[in-house]
Structures are given as structure tokens and as C-alpha cells.
Amino acid sequence: MRRTKAEAEETRAKLLDVAEHLFFELGVSAVTFDRIAAAAGVTRGAIYWHFANKAELLLALDELTTLPAEEMLVLSRETKPERPLDFVCEVARQCLHIIARDERRQRIYTILFRCDYHGELAELLKRDRETTQRHFGQLLEFFELAREKGQLAAHWKPETAVRTFQWSVTGLLFEWLKDRDAFDFVGDGEDMLRALLQSWSA
């Protein structure tokens with residue numbers, strides 16, 4: 001019997017939900033498609049109809065964590081904010097709040113941080129590098145604009161400032177996901193952003 005588009009989308013969503021919880025609880029390497037199929041109540045073939053391998057499944061999970069930051073940065077390139085460094089920090093601050101409220105994002109980020117990016121999962125690492133580089137280019141435009149406006153301190157190169165920002169935010173998230181009781185993700189994260197902004201500002 002041929003499935004409708006709505007039924008296919010429902011099955012795909014269910015597979016993603018089941019895989020997400022199994023990957024989080026057991027680790028990606030310990031979870032097979034057979035196990036996902038059994039937990040989801042579908043055949044193994046149903047999984048392959050949607051996902052060719054674990055890498056495709058994980059990429060689909062990764063897409064569920066997309067934050068509005070990139071869209072905000074792209075849209076604001078045209079308007080060129082008066083204080084670009086403040087704008088970048090405000091976008092990051094909003095993202096901290098979104099992540100802190102969203103347990104699904106937290107689980108998926110944890111899964112991706114724990115991944116062993118070898119074999120069939122090597123494609124994930126390639127995609128992550130491409131995304132990081134794209135974000136680097138987008139952020140660099142704002143830091144170069146700040147330099148043109150005389151708002152970036154002389155001891156900072158735009159490229160170094162962007163990398164420091166990316167490393168700081170990624171490290172903050174990674175450390176918090178390891179132990180969510182260790183510190184206040186939003187509060188300490190906002191303190192970090194203020195400290196970075198103070199250091200960057202001329």
C-alpha cells in the first residue's frame with residue numbers, strides 16, 4: 001500500500017525522535033538501524049527509505065538545531081548596524097537563551113559533541129567544518145565593519161577576534177553540556193560576552 005506524503009513525513013519524524021533518544025542514551029556507535037526500527041515499530045527498510053546511513057540521520061538531526069543567528073547575521077549585512085560588535089553579542093545572547101530553554105537542542109548537541117567522526121560519519125565532520133567556515137566569513141564582515149568605524153581595539157585583528165568568539169561560545173556550550181549543574185549557562189555566558197565585548201571595543 002502506497003503511503004501518503006503526510007504518513008511518510010510522520011514516519012521520518014518518528015525515526016528522528018527515536019534515534020535522537022537512543023543516540024543520547026547509548027551513544028551513536030552502539031545504536032544500529034535494527035534497534036532504531038524496533039524501537040520505532042517500523043521495518044529496517046523504512047529507515048533506509050528515509051536515511052541511507054547514520055551520517056544522513058545525524059545530519060537530519062543537526063538540521064533540527066538550526067538557530068536564527070545565521071539568518072539574523074545575513075539580513076543585517078545589508079543594513080550594517082551602527083555598532084556591529086554589540087549586535088554580534090546580542091545575537092549570541094539570544095541564542096544562549098534559546099538553547100537553555102530547548103532540551104531537544106541540548107540532546108542533539110550532546111550527541112554531536114560525543115560523535116567519533118570516522119568512517120561513515122566523516123561526512124559530518126566535513127559538514128561541520130564547512131558550517132564553521134561559513135559562519136566565520138559572516139562574522140568577519142561585522143568585525144571588519146567595526147574596525148572601519150574605529151570601534152575595534154587596535155590590539156585585535158578581526159580574524160583573531162572572530163576565532164576567539166567562535167572558540168569561546170563552542171567551549172561554553174561543550175562544558176555546560178558535560179555538566180549542566182557546574183555553572184549558569186546563560187548568566188555566565190552573558191558575562192563572557194560582556195567581557196569579550198569590553199576587550200574588543202576601542
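Cys 115 counts as buried, since its relative accessibility is 11% and the cut-off for burial is under 20%. This value, like the others below, comes from a predicted model. The chain is built from 10 helices and 0 strands, and its largest pocket has a volume of about 1,400 Å³.

**Cysteines**

- Cys 89 is also buried, because its relative accessible area is 7% and burial requires a value under 20%.
- The structure holds 0 disulfides.
- Cys 89 accordingly takes part in no disulfide, and the nearest cysteine sulfur, which belongs to Cys 95, lies 12 Å away. A disulfide would require the two sulfur atoms to be within 2.5 Å.

**Overall architecture**

- Read from the N terminus, the order of elements is α-α-α-α-α-α-α-α-α-α.
- The C-alpha atoms of the chain fill a box of roughly 65 × 40 × 30 Å along the principal axes.
- The chain has 202 residues, and 42% of them count as buried.
- Of the contacts between residues at least 6 apart in sequence, 71% join residues at least 24 apart.

**Largest pocket**

- The lining of the largest pocket comprises 42 residues; Asp 128, Thr 131, Thr 132, His 135 and Thr 170 lie nearest the centre of the pocket.
- Two or more lining residues come from each of α4 (54-63), α5 (69-79), α6 (84-101), α7 (103-114), α8 (122-148), α9 (158-178) and α10 (185-200).
- The greatest contribution to this lining is made by α8, with 12 residues.
- By residue class, the lining of the largest pocket contains 26 nonpolar, 8 polar and 8 charged residues.

**Helix α9**

- The buried residues of α9 are Pro 158, Ala 161, Val 162, Thr 164, Phe 165, Gln 166, Leu 172, Leu 173, Trp 176 and Leu 177.
- These buried residues of α9 pack against α6, α7, α8 and α10.
- An α-helix has 3.6 residues a turn, so residues three or four places apart point the same way.
- Helix α9 also gives two or more residues to the lining of the largest pocket.

Methods:
Residues are numbered from 1 along each chain as its sequence is written. This is a predicted model: local features need pLDDT of at least 70, side-chain atom pairs count only at pLDDT 80 or more; totals for chains, interfaces and linings use all residues. Side-chain values use heavy atoms; hydrogens and water are left out. On a 1 Å grid over the protein atoms alone, a cavity is a set of points where a 1.4 Å probe fits but cannot get out, and a pocket is an open set with protein on both sides within 12 Å along at least five of seven lines; lining residues have an atom within 4 Å of a point. Grid points are joined across faces, edges and corners, and a volume is the space filled by probe spheres set on the points. Helices (H or I, at least four residues) and strands (E, at least two) are DSSP runs, numbered from the N terminus. Ala, Val, Leu, Ile, Met, Phe, Trp, Tyr, Cys and Pro count as nonpolar, Asp, Glu, Lys and Arg as charged, and the others, Gly among them, as polar. Buried means under 20% relative accessible area, exposed over 50%, partly exposed in between (1.4 Å probe, protein chains only). Contact means heavy atoms within 4.5 Å.
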